[in-house]
Amino acid sequence: MLVVAGQEQLPVAEARDGKGEAWLILFRRYRLPIYAYVFELLHDEQASLDVVQETFVAATRHIAALRDDDKFGGWLFGIAHQKCLQQWRKENREAAAMELLAAAPEEFDDGPGELLVRREQEARFMKLLDQLPPPHRAVLLLHFLEGFSIEEIAEITGANPGTVKSRIHYAKKSLRKLLEEP
Amino acid sequence: MRTPREILLARHHAAEPKLDALTRDIVKHLDGSARAETPAGPGSLLARIFHDLFANTTCGRAALPRRPDANTTCGRAALPRRPDIRAKQQLRPTES
């Protein structure tokens, strides 16, 4: 698993007590990764900002429901993911996303190691990421942005761990194959 | 060579000022509502006592000047109003 920030000491308990400064620290830590995640799924700046705002407001209201403070990041991404699904439903894009998912094969072998992208390939990498079916893009973004485990991604997206694993393998294999092309 | 995380965060770095404003706004409302929910000091405590014991009595109503709004008493007007954190949200699309 990719380690993003090691064992972070985040002021989740203080935020639960309603301390604004604690929330500010949490928001600063997660606002850009959450925005990147949401934007890469929705491709709309204003809608993405709205989703980030709704996610953070929902977090301040429902923090009491979070049982394990160490899982704050996954919990927050879970809220953002649900907001994206709501946005997709508004735009009737869920059906299209599910069709794309059904068309994707389920089991793949994938080599170990972190994916690294050369500077000259970055634009191509983003284009390839955009071309992935939304469910595959979602799990890959969660894997890349925060290094969530398969179980955590399964919790965030509501998919079963086997499906998440195959989606990650499928997406990474597709990216590697395309990046290796001349 | 950069990791996908580095590429993704760099791609959206320009959104930082908007995200900063957005998060500060949420925290400001959060602090505001927390302050409004708990009486801050003797002033608000006195206002509450005044409201409870005096303003709603017939004698109190007679002693107080009439306000344009018949439903408003001086006691109620003296109480701090809770800022509506949802007011800003209502400007944005509501959840389905």
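A polar contact here is a pair of N or O atoms within 3.5 Å; within protein, one must be able to donate a hydrogen and the other to accept it, and residues adjacent in sequence count only if both atoms are side-chain atoms. This is a predicted model, so local features need pLDDT of at least 70 and side-chain atom pairs count only at pLDDT 80 or more, while totals for chains, interfaces and linings use all residues. Residues are numbered from 1 along each chain as its sequence is written, chains are lettered from A in the order in which they are written, and side-chain values use heavy atoms, with hydrogens and water left out.

**Exercise 1. Describe the fold of chain A.**

Step 1: Take the helices and strands as DSSP runs (helices H or I, at least four residues; strands E, at least two), numbered from the N terminus. Chain A then has nine helices and zero strands.

Step 2: Check burial, where buried means under 20% relative accessible area, exposed over 50%, and partly exposed in between (1.4 Å probe, protein chains only). Of the 182 residues in chain A, 57% are buried.

Step 3: Look at contacts, meaning heavy atoms within 4.5 Å. Among those in chain A between residues at least 6 apart in sequence, 70% join residues at least 24 apart.

**Exercise 2. Work out how chain A meets chain B.**

Step 1: Count the residues in the contact: 43 from chain A and 32 from chain B.

Step 2: Get the buried area, which is the accessible area (1.4 Å probe) that two parts lose on being put together, summed over both. For chain A and chain B this is about 3700 Å², with carbon and sulfur atoms giving 64%. A:Arg31, A:Leu32 and A:Gln53 supply 18% of the area that chain A buries against chain B, more than any other three residues.

Step 3: Tally the polar side. The rule finds 10 residue pairs in polar contact across the interface (both at pLDDT 80 or more). On the side of chain A that touches chain B, helix 2 gives the most, with 13 residues. By class, that side of chain A has 22 nonpolar, five polar and 16 charged residues. (Ala, Val, Leu, Ile, Met, Phe, Trp, Tyr, Cys and Pro count as nonpolar, Asp, Glu, Lys and Arg as charged, and the others, Gly among them, as polar.)

**Exercise 3. Sort the salt bridges.**

Step 1: Apply the rule: a side-chain nitrogen of Lys or Arg within 4 Å of a carboxyl oxygen of Asp or Glu. It gives six salt bridges across the interface of chain A and chain B.

Step 2: Take A:Arg31, whose salt bridge with B:Glu16 has its closest N and O atoms 3.1 Å apart. A:Arg31 lies in helix 2 of chain A and B:Glu16 in helix 2 (residues 16–37) of chain B, so the pair joins two chains. A:Arg31 counts as buried, at 9% relative accessibility.

Step 3: Now B:Arg5, whose side chain meets that of A:Glu146 in a salt bridge (3.4 Å, N to O). This pair also crosses between chains, from helix 1 of chain B to helix 7 of chain A. A:Glu146 is buried, with a relative accessible area of 8%.

Step 4: Trace shared partners: salt bridges join A:Arg31, B:Glu16, B:Asp20 and B:Arg24 into one network.
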